[in-house]
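Subject: Handing over a structure

Hi there,

Here is the structure I promised to pass on to you. Please open it beside this message, and then read on for what turned up in it.

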Amino acid sequence: TKGNLELKGTGTVINAPTNEKEAAAVISGDILAQAGSTSQIGKLVADNLAVGVAQTSGASGTAGTYTLNAGATLGVKTVSVANGTLNVTGDKAALTTDELTLASGTSGSVSTSGALTTGKFTNNGTVTISGAKSALTVTGEAANNASGTVALENSGAIVLAEGSTFKNAGTISGTGTLTVAGTLTNIGTLNVSSTTVKGTLNNTSETVNGVTTAGNVSGTSLTVDGVVNTKFDNYTVTMTTVNEGGTLNVLELNSKKASGATTNDQLKLVQGVTLKGGKLTVAGADFAGNLLLDGSAAEFLIDGGDYTAKAVDFGTSGGKVTVQTGSYTVDSLNTTNGTVTVGDEGTLTVTTKLTAVSGASSAPITVDGTLSTKLSALGYVYQTSGSGSLTTVSGGATAGAGSVQLNNGGELVITDIGTDTLTKTEVTTLKSLTVSGSTGLVN
């Protein structure tokens, strides 16, 4: 067919070839779904698709609806939804275009295993992706969810392909998956239940005419195989997992540890971070400073790799540190308000000071792997060589009786006894750090 196809009626159906062996029908012109509703069946290629007629100062405009049903495919250069609705619904329904634009007040949907693939994406309307096999894929540069909403339902998916660039100033949210293989710059709201970053996610801010808009990232889980750059003040994902090769780069420290400090000197976690051999950096440098966990969801979990910290503390809202596998070396650890767990393949080393007081119902530290520390870190010292010389430092021991649950296979290693000889009473004093009945080894 040559020329534009103008569609204004209700219940219009375009029947194109459906047999897999048949070529797609070709319209050498545009499909203009100016009003009413149009459904497409079968395979079709056209120059462009325009849905609806925009309202202008001199005309009210008309709303159109264009729907690709199950098995229908449409390939066009551009799709413009000026007034109305675009639907891609049903198994193997697929729309492929170089550029998709949705005006304010318009809507689009991809559902029931439908697929919408576009190079450039400009959205000021509302797009809904619904269903486990339904996906919106963006492959090009300069894509922009300007003031629009992209909503995920029932495990729908958004894929930002490798090489794509996407700016979100609107809202992307819902129960589904977001895969970032390109570059996503977020100055809007990003709240997707499950996000995987293989490329780069920049959660940042933008100032226009003196007004600053800051991006916010939340959700249940975010996996980092590439790079995430963000401030933690605008980042509340329940659990972020950084795999080997990935980097979670926090742009700045966000709390103060030292009393009277005028600048932030501590990284505060109110959510969970799991390191599986990946990097945690602050302003681009490996983080080995002060860490504060303060929140019911605050957890710092090491599951592979070797990491260090200057000090680890817990706020009044508590938190949890877990060394499942790999190692964590800390100068100072204060377990007050928090809990610490060392897995059977993990090693936690405290070099300078370990503060731990047994709770009313359980020990703050549970060890299935190795907890390595020093007498001096526990608040003990030898005044002279020989037996009978083990005493507490001024102020008393920092690690109290029953503060370590040492399970079978677990080991508490005290590294600075040297050649001094402990009396039976002194050995009993050190063993009392563990919960009565602990079956692990005090070495």
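Below I go through the core, the pocket, the cavity and the salt bridges.

A word on conventions before that. This is a predicted model, in which local features need pLDDT of at least 70 and side-chain atom pairs count only at pLDDT 80 or more, while totals for chains, interfaces and linings use all residues. Residues are numbered from 1 along each chain as its sequence is written, and side-chain values use heavy atoms, with hydrogens and water left out.

**The core**

In soluble globular proteins, nonpolar side chains tend to be buried together. A nonpolar core here is a set of buried Ala, Val, Leu, Ile, Met, Phe, Trp, Tyr and Cys residues joined through side-chain atoms within 4.5 Å. Buried means under 20% relative accessible area, exposed means over 50%, and partly exposed is in between (1.4 Å probe, protein chains only). The largest nonpolar core holds 97 residues, and the members that touch the most others are Y66, F121, F300, Y328 and L348. Strand 32 provides the largest share of this core, with six residues. Strands (E, at least two residues) and helices (H or I, at least four) are DSSP runs, numbered from the N terminus.

Y328 sits in strand 33 (residues 319–334), and it counts as buried because its relative accessibility is 2%. Contact means heavy atoms within 4.5 Å. Not counting residues up to four places away in sequence, Y328 touches L291, F300, I302, Y307, T308, A309, V312, V321, V323, T347, L348 and T349. For a sense of scale, the C-alpha atoms of Y328 and G170 are separated by 40 Å, and the two residues are 158 apart along the chain.

F121 has its own set of partners: leaving out residues up to four places away in sequence, it touches L100, L102, V127, L136, V138, A143, N144, V150 and F166. T122 lies in strand 11 (residues 115–123) and is buried, with a relative accessible area of 19%. Beyond its neighbours within four places in sequence, T122 is in contact with L100, T101, L102 and N144.

**The pocket and the cavity**

Both are found on a 1 Å grid over the protein atoms alone: a cavity is a set of points where a 1.4 Å probe fits but cannot get out, a pocket is an open set with protein on both sides within 12 Å along at least five of seven lines, and lining residues have an atom within 4 Å of a point. Grid points are joined across faces, edges and corners, and a volume is the space filled by probe spheres set on the points.

The largest pocket has a volume of about 170 Å³. Its lining is made up of L275, G278, K279, L280, D286, F287, A288, F300, D306, Y307, T308 and Y328. By class, seven of the lining residues are nonpolar, two polar and three charged. (Nonpolar covers Ala, Val, Leu, Ile, Met, Phe, Trp, Tyr, Cys and Pro; charged covers Asp, Glu, Lys and Arg; the others, Gly among them, are polar.)

L86, L100, L102, G108, S109, V110, L116 and V127 line it. Strand 10 (107–111) and strand 9 (94–102) each supply at least two lining residues, with strand 10 giving the most, at three. Six of the lining residues are nonpolar, two are polar and none is charged.

**The salt bridges**

A salt bridge is a side-chain nitrogen of Lys or Arg within 4 Å of a carboxyl oxygen of Asp or Glu. The count comes to three:

- K167 pairs with E206, their closest N and O atoms being 2.7 Å apart. K167 is in strand 16 (residues 165–168) and E206 in strand 21 (residues 205–208), so this pair links distant parts of the chain, 39 residues apart.- E252 pairs with K231, with closest N and O atoms 3.8 Å apart. E252 lies in the loop between strand 26 (247–250) and strand 27 (266–269), and K231 in the loop between strand 24 (227–230) and strand 25 (235–243), so the pair ties together parts that are 21 residues apart in sequence.
- K257 pairs with D313, with closest N and O atoms 2.8 Å apart. K257 lies in the loop between strand 26 and strand 27 and D313 in strand 32, so parts 56 residues apart in sequence are tied together. K257 is partly exposed at 39% relative accessibility, whereas D313 is buried at 15%.
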